Amino acid sequence: MIAGAPLALRADTKPILIAAGFVLVILAVGTAYTLATQGAATLLSPAYLIQQLQTGAFLGLVAAGMMLVILIGHIDLSVAWTLAAAAMTATAVGGPLALPAGLAVGVAVGLLNGIGVAYLRVPSMIFTLGVNAVLRGLMVAQTGGFAPQTAATDAMRFLGAERIAGMPVAVLVWAAVSLLTAGLLSRTAFGKALYGMGNSEAAAYLSGIRTRRVTVLAFVLCSVLASLAGVMLAGYSTKAYQGMGDAYVLPAIAAVVIGGTHILGGRGRYLGTVVGVILIVLLNSVLSIMQMPEAGRQVIYGGVIIAMLLVYGRGAPTGS
Amino acid sequence: MADAALSTAPRAARGGSLALRLRQNAGLLGAIGLFVLFYGVYNLYHPRGFSQQVLIQNANEVFTIALVAMAQTVPVILGGLDLSVGAVMTLVNCLASHLVTGSAGEIALGILACLAAGTAFGFLNGCVVVFGRIQPIIATLATGAIAIGLALFLRPKPGGKLDADLSWAMTNSLGDFAETYGLFDGGQAPWFQPIAGIPVPLVLLVLVAVCVWMPFRRTLTGRTVYAVGSAEGAAFMSGLPIARAKLAAFTLAGFFAGVGGLFLAIQTSTGNADIPQAGAYTLNSIAAVVIGGTSLLGGTGGAVASVVGALVLRAISFNFRIFDIPPLMQPLVEGLVLLAAVSLGALRALRTRNRLELFR
Amino acid sequence: MLDVMQNEFAPFLTLTGISKRYGGVRALDGVTFACGRGSIHAVLGENGAGKSTLIKIVSGVVQPDEGLMRLDGREVAFPNPAAANRAGVVCVFQELSLMPDLTVADNILAADPPRRFGLIDGRAQRRRAEELLASIGCADVDPRLRVRDLPLSRRQMVEIAKALAKKPRLLILDEATSALTAADVERVYAMLRRLKADGVAILYISHRMHEIDALADTLSVFRNGRHIETFAKGARSPDRIVELMIGREITAQYPPKPLPKESVGPPRLDVRDLSWGERLKGLSFSVGAGEIVGLGGLDGQGQKEVLLALFGVLKGVGGTVTVDGRPHRPGSPAEAKDGGLALIPEDRKTEGLMLPMSIADNLVAASLKPLSKGLVIDRAKERAAVADAVRRLRIKIGSAEDAVSTLSGGNQQKVVIAKWLMTGPGLILLNDPTRGIDVGTKQEIYRLLRDLADGGAAILFYSTDYDELIGCCDRVSVMYDGRIVRELEGDAITEQAIVASALNMNTEMTHHG
Amino acid sequence: APKTVSGPGPDPQCFKPWKADTKYMQWPKKDGPYRVAIVNGFVGNTWRIQMIQTAKAYAEQPGMKDRIKELKVVSTGTDVAAQLGAMEDFINQGYDAIVTIAVAPDGFDRVIRLADRNNVVVVPFDNVLDTDKVMQVNEDQLEIGRISARHILKELGSKREGKILEVRGLPGNSVDRDRHLGFREVMEKEAPKFQIIEIVGNWDDGTSQKATADALAVHGRFDAVFTQGGSTGTVRAMMDAKHPFVPMAGEAENGYRKLIAEHAKDGLKGLSYGQSAGLVAISMKAALSALEGNPMPQLISVPIPVEDYTTLKAGVNYWPDLTDNFFAANAFPACGVNISAPEIMAKDAKNVQ
Ligand SMILES: Nc1ncnc2c1ncn2[C@@H]1O[C@H](COP(=O)(O)OP(=O)(O)OP(=O)(O)O)[C@@H](O)[C@H]1O
Ligand SMILES: Nc1ncnc2c1ncn2[C@@H]1O[C@H](COP(=O)(O)OP(=O)(O)OP(=O)(O)O)[C@@H](O)[C@H]1O
Ligand SMILES: O[C@@H]1[C@@H](O)[C@H](O)OC[C@H]1O
Ligand SMILES: [Mg+2]
Ligand SMILES: [Mg+2]
């Protein structure tokens, strides 16, 4: 879709605006709460907001990759353990090779996923689930067998936890990845191929698009971004640990969809994913600030997603 | 109009009804093969293999995942995915831990209430999808969170106590069931003996499949579920009751998930709003559906096939109790076997000689 | 108003002042129209004239913005197709409405299968489906097969059987025969005439003038969403009808063929012993630069597979193929494209277009690489290419940013063709490219093909429409059962010859029943 | 089935009854060597891996090796049906004892009934069951909460007002519940004026760190912190937010102990309690003792290994050169369980920085 065209813009900008509106509502509710309980609008302080961006950066990276895969009508359920495996490998290797080793895990997993989905044509939902199980098995085996080092290196610390001029490096990385992703989607043949395949893989294939290569590349990018998030998260937490990716899969999918990307592929803008990530991070944070018990959190979390999709889902009948 | 050709005898091409059926159900056959392999090996090497005890134990551990897999199947045939099945199972599990106690009457009412709750939640899912026009996968991602939230309200921590007789009777053989409730001369009636050894959960599983799923499949609504999954636009143009089918599909999913949750409560006598467990059931249900040969794109497959898929999943892990695999290698081996099992479908892709046929 | 209604009965269906707009497009504009019982009423108009919109309104798929609809004298409004079916209005849609994963029988009796105790009676259903199929001379289709496994032409027959199952009082066929071969069309004619005799009202939409000629009692012409005129068959000359439809006169439907070349240069495409499983059994043929070679024969004799094999879609293809003297063994359409090939596929909806995407995106889908500078797409070049394509093929669009799905069928087809012309192909493979295209556009496409050929392209052209093979092609290879059974050239390309070879009869016995 | 008998049993140092009135159980004596199965729940954290490695190492030790014919370990995930199935399977296979970490505190009635019928000794530990029908091994989780509260109050001196952060474990779990209850019990009695802010850390570092960071951003300052698993993450979040070090109680992760050792002088007056993965060894030992026909306490209390900033000793109860994320407390010399954490978690020299 050529950005800047009035019609196309209107159709896929609406969800982004609505999501942004919800972000404001969440901030307002949270602020009302802190005003009432502490007499201060803590949520509006730059420190808090920057902290949220810092937390959001990891989810943002995962969601960016997930979006590429969702656009071609697939899904990657292996990001949880791709993230963890990359982090654990990076810390185990240590030294200057830590980062490349972590990212290499991403490349390897992405290739495996891509080959399974594009060449063997196993449904991505299930193939990546299997790969996730394998990665988990590998990490359990390696933790038990070799007792690897789990401390983050300085480079990982720098990317994950440090700041440049008050801005967390992780946020800067996220911003850079975002710019690249947005450009990739709107300005390159690869981006167009993603949208095309999401709408009709057969038509894209018969148009001479190398659909299998595109699929593999999308999965590789997704895994690499997940592994980048993994090594940075390990830097942020100073260490790698099992299960560090669990909290990123469903939220990443939710962020992508909340931002207006169609879950079955073919439609959506990258900006929406960024807004979706911010929304989810803020929502979680505000609920935890409000000391909402887990039960209430879950209900509200689900309720907000439904409410949002209801607001912009109406009027666009599914199917037909 | 046109009667001339009414009695044209079916031609030779028509023969081979069985062959046709086999061809159209290749995925299911593969799953059955896998199950026979894994379960056969397990029983062969088990010191008490092919015995009633082992069968009962297996039936118990298979029932809930089988039901959740059945639940997943219906929305999948519709062309959607229900990410809330595990959560609904959990919700009903927690509800049952409050309701299924007391006098026989109270227990019966409690069971009904649990089934109704699962069904109702499924219906709500359907409403969100149909009237809210939200893609099923994301709608149920959200309603699943709500279901877990409600489950946590009901059981902030695990607990409750279901009727002990019921637990015992439902998780053993028909003979034990009859003995517990004094039926058929306490299970001693001669005519009863041939079936007395069958595990109750197995009987239940068959009952649900035969009394609920199979008839549903042959209703117009059931067929519409398949039609929508195959081509929603065409189904609409054909004048099929689409909204009704979607509502029914999710409602049925809620019902099946509810049966699963109820059984889990009976089996464990308690309720537990365990979030990771709910997630694991949902993901396993999808794996079971795929292994059973149902396409995630919708339009084909069936709930019985998914039961076989669930059996395969379980039978894989049975073998870890028999063979000496280093404990920390087990997750890896399990992952690899799972990956291999789901990749079996790839054989079709590799055999396909017209690549256009892959795009579906 | 209802100027010429030569029916002794009061009209069965009347529309008064019906309008429908899609965004800025007026698909129908104050249409007033009627059709009577026991008659076949043809609806004519160029692509995008509003024919499909009209019948979608009549059959409850979309609702009119204004206007009144009466059926059998009573005012009606159909909220959905099911309601229309209940009132006896049944439609065979231009875009098929079959469920590919269901069996033929399930499809035919989808909406109202025979039931016992509320459950579908599979056996009764199969019997009923067999009867219906037999009634349109299609008894060779096994009702237990999945529709997915049938060729397009069989699917269209199933679709017709499905319409019959609903016991229509008003039957609408919207280009329902576009993929059928002559023999099937004959059977459908017979069926329609029987229905007509039974008093069924029939609306018939087709771009094939000879079908209209053979069938229709009354003709109505639409243009630009307006009802232009209704008249009895024979009241207007064919040329006049075409003029009414497209607003201009068509002099020659087909561009003149060049004289056969004296010295035959090396062929652009040379195929030796092409084979693929059971479907292609060793074909040899060649296409020279500047030549249009037709592939004829009954549908499903392997013509489609020839095109797919050449385009790199099929695995395990045997034989040798050379393009411009170089061996050609594409492993994918991408590689075929790199070799200068283009394929206009069979089904534009699933194979040709990415329907929800914009017209522009679809047009450039095969040319992304040449339109890029480095990794980045050159916007200006892209826009220019799109504008050029729209102009060149006269695609009727509002904005190039609209979804391609909003175009009429014919214009969608033009988008597919334009997409491939943009790649500047030297060898063009066409799979029934004028299916559903109006006479005016067809003429443009024929001329375009001839121009491309004159410019040095080689064209391999499969069509189910014999007229067009005869009118367009320099040579025609007729296929039967995976083989080429006859090559016709020059004046030898006649309908008789094609039909005879298609049925694999000796030319000597061309006089068939 | 076991009989209820009266104590005392063997080796009271090791098999210490929970309370004075804890009942004793006795199984019919069987001849060894025995087949022992360990049915773990999930394998999702280092603690569980450490536990499995300890079990394997322990079974190889002299005095154990000849008494155990076969040791089988399976992990069933968080799925209760699978765990029940595995236990029942081992009963059917004729195993003599099943040592288990239950995925839920209830729901094992049927398996217990079957085990009793077949004279199989079932020993839940760590995440134990809310029942007195089996022999169980654990540390006193309520007491862990109480010790933590007392430590914090002691370090706060006379301060009895302000805000305290409580980082909880996996919701709905009995270990989490009991530690919380013990903590609150003391706080309410001794210092009711403190406002306690509760967040969920899921027993893992990442989650604890994120939740703590959020709480710090909103609440600004805390006077003390009580954290369950994920302690290292909790402290890291405070350091990242430049929050001053305050008195604290947390678990026994090596990383946490390293931080205490390093920053105690800056105010990180930390206490570190150990839920030991070595519990598995005691449970195995108890199971064998029961099989040999000894009367055993129904609930065996294992002492809580507690250290604080004054008692930490490099190379003894924490290891500055080793990775952060193993649990430092592992051995129970009183029980003859002498497998130290570094021995099983960092046996490879390469892992020492
Ligand atoms: N869903 C839609 N959204 C927007 N415009 C539409 C839509 N459907 C049809 N149109 C427009 O309405 C007009 C009439 O289209 P219609 O499909 O009725 O033409 P038609 O006469 O059937 O043409 P053809 O012979 O090509 O099938 C066209 O300009 C078309 O672009
Ligand atoms: N989507 C697809 N589905 C099935 N087969 C495909 C698909 N795309 C490509 N192929 C086949 O895969 C093979 C290679 O295709 P393609 O060149 O597109 O990708 P590639 O092999 O990764 O690239 P290359 O080999 O040129 O580096 C060919 O046999 C092609 O026909
Ligand atoms: O007891 C807990 C144990 O079950 C878990 O695995 O790790 C943290 C411990 O506190
Ligand atoms: Mg039309
Ligand atoms: Mg290639």
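A polar contact is a pair of N or O atoms within 3.5 Å. The model described here is predicted.

**Ligand 2**

Ligand 2 sits between chains A, B and C. Its shell has 14 residues, and those that come nearest are Tyr119(A), Thr211(A), Arg212(A), Arg355(B) and Gly331(C). For Arg212(A) the distance from a side-chain N or O atom is 2.2 Å, and for Arg355(B) a polar side-chain atom lies at 2.9 Å. On its own, ligand 2 has 600 Å² of accessible area, of which the protein covers 74%. Helix H10 of chain A, residues 211–237, supplies the largest share of the shell, 3 residues. By class, the shell divides into 4 nonpolar, 4 polar and 6 charged residues.

**Ligand 1**

Around ligand 1 there are 19 residues, the closest being Asn47(C), Gly48(C), Ser52(C), Thr53(C) and Thr406(C). Oxygen atoms of this ligand meet both backbone and side-chain atoms of chain C. A polar backbone atom of Gly50(C) is 2.9 Å from a ligand oxygen, while a side-chain N or O atom of Ser52(C) is 2.7 Å from one. At Thr406(C) a backbone N or O atom lies 2.6 Å from a ligand oxygen. The protein buries 85% of the 630 Å² that ligand 1 exposes when taken alone. Strand E2 (25–35), helix H1 (51–58) and helix H14 (409–421) of chain C are the elements that each give two or more residues to this shell. Of these, H1(C) gives the most, with 3 residues. The shell of ligand 1 is made up of 5 nonpolar, 11 polar and 3 charged residues.

**Ligand 3**

The residues that surround ligand 3 are Asn45(D), Trp47(D), Arg48(D), Asp126(D), Asn127(D), Arg179(D), Glu251(D) and Gln275(D). In this shell 1 residue is nonpolar, 3 are polar and 4 are charged.

| Residue | Distance to an oxygen atom of ligand 3 |
|---|---|
| Arg48(D) | 3.0 Å |
| Asp126(D) | 2.4 Å |
| Arg179(D) | 3.3 Å |

Ligand 3 has 270 Å² of accessible area on its own, and the protein covers 100% of it.

**The sheet in chain D**

In chain D, 4 strands form an open sheet with parallel pairing, in the order E5-E4-E6-E7. Strand E5 (68–75) and strand E7 (121–124) each have a single partner strand, so one side of each edge strand is left without a neighbour in the sheet. On average, neighbouring strands are turned by 15° against each other, direction ignored.

The pairing of strand E6 (residues 97–100) with E7(D) runs over 4 bridges in the parallel sense. Within this pair, Ile98(D) is opposite Val122(D) of E7(D). Which helix lies across E4, E5, E6 and E7 of chain D? Helix H9, residues 279–291 of chain D, does, and it runs at about 155° to E6(D).

Key
Residues are numbered from 1 along each chain as its sequence is written. Chains are lettered from A and ligands numbered from 1 in the order in which they are written. This is a predicted model: local features need pLDDT of at least 70, side-chain atom pairs count only at pLDDT 80 or more; totals for chains, interfaces and linings use all residues. Side-chain values use heavy atoms; hydrogens and water are left out. Two strands pair if DSSP finds at least two bridges between them. Axes are lines fitted to C-alpha atoms, for helices over the stretch in contact, and angles run from 0 to 180 degrees between N-to-C directions. Contact means heavy atoms within 4.5 Å. A residue is near a molecule or strand if one of its heavy atoms lies within 4 Å of it. A polar contact is a pair of N or O atoms within 3.5 Å; within protein, one must be able to donate a hydrogen and the other to accept it, and residues adjacent in sequence count only if both atoms are side-chain atoms. Accessible areas come from the Shrake-Rupley method with a 1.4 Å probe; for residues, only the protein chains shown count as cover. Ala, Val, Leu, Ile, Met, Phe, Trp, Tyr, Cys and Pro count as nonpolar, Asp, Glu, Lys and Arg as charged, and the others, Gly among them, as polar.
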